[in-house]
Amino acid sequence: MRPIEDYRRHVGMREGTHHKATLFRSDRLLLGLNCLEPGQSQAVHRHAGQDKFYLVMEGRGKFTVGRSLVEAGPGEIVWAAAEEDHGVENQSAERLVLVVGIAPAPLP
């Protein structure tokens, strides 16, 4: 495994759902990339015993975290603690690109 990766090599799209790619993975941490085209969303969900963050690389997203609804853009980080409901929606006219971290990593 290379110790360096350029997220832009993994940017993509999927019809009907958001694109996902794994950048790095260990038993302790998963770093991935999520790309949402305009109008796509990740349903509100939660992770048992796992913290999660979204680092916005490109675009803007509307994030649900617990009872809060926040908007974030490039360079901003959204945090969801374990057991906290969270999800994201791209209501903009451009692609939303997120680096996502989950710890500990979900089972493969």
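The largest pocket has a volume of about 180 Å³. Keep in mind that this is a predicted model. So what lines that pocket? There are 13 lining residues. Those nearest the pocket's centre are Lys20, Leu30, Asn34, Val100 and Ile102.

Now sort the lining by class. Six residues are nonpolar, five are polar and two are charged.

Which strands supply the lining? Strand 2 contributes the most, with five residues.

Next, strand 9. Find residues 96–103 on the screen. Of its eight residues, seven are buried, so strand 9 is largely enclosed by the rest of the structure.

Who are its partners? Take strand 2 to begin with, residues 30–36. Strand 2 runs antiparallel to strand 9, and seven bridges join them. Within that pairing, Leu36 sits opposite Leu96 of strand 9.

Then strand 4, residues 51–58. Strand 4 is also antiparallel to strand 9, again with seven bridges. Here Leu55 faces Val99 of strand 9.

A quick reminder on pairing. Strands of a sheet pair through backbone hydrogen bonds, and the pairing can be parallel or antiparallel.

Zoom in on strand 5, residues 61–65. Five bridges link strand 5 to strand 6, and the two run antiparallel.

Last topic, aromatics. How many aromatic pairs does a search of the whole structure find? One. The partners are Tyr54 and Phe63. Their ring centres are 5.2 Å apart. Their planes meet at 55 degrees, so the pair is tilted. For edge-to-face, the planes would have to be over 60 degrees apart.

Are these two residues buried or exposed? Tyr54 has 1% relative accessibility, so Tyr54 counts as buried. Phe63 has a relative accessible area of 0%, so Phe63 is buried too. The cut-off for buried is under 20%.

To recap: the pocket takes the most lining residues from strand 2. Strand 2 is joined to strand 9 by seven bridges.

How values were computed:
Residues are numbered from 1 along each chain as its sequence is written. This is a predicted model: local features need pLDDT of at least 70, side-chain atom pairs count only at pLDDT 80 or more; totals for chains, interfaces and linings use all residues. Side-chain values use heavy atoms; hydrogens and water are left out. Two strands pair if DSSP finds at least two bridges between them. Helices (H or I, at least four residues) and strands (E, at least two) are DSSP runs, numbered from the N terminus. Rings of Phe, Tyr and Trp (its six-membered ring) pair if their centres lie within 6.5 Å; planes under 30 degrees apart count as stacked, over 60 as edge-to-face and the rest as tilted. Buried means under 20% relative accessible area, exposed over 50%, partly exposed in between (1.4 Å probe, protein chains only). On a 1 Å grid over the protein atoms alone, a cavity is a set of points where a 1.4 Å probe fits but cannot get out, and a pocket is an open set with protein on both sides within 12 Å along at least five of seven lines; lining residues have an atom within 4 Å of a point. Grid points are joined across faces, edges and corners, and a volume is the space filled by probe spheres set on the points. Ala, Val, Leu, Ile, Met, Phe, Trp, Tyr, Cys and Pro count as nonpolar, Asp, Glu, Lys and Arg as charged, and the others, Gly among them, as polar.
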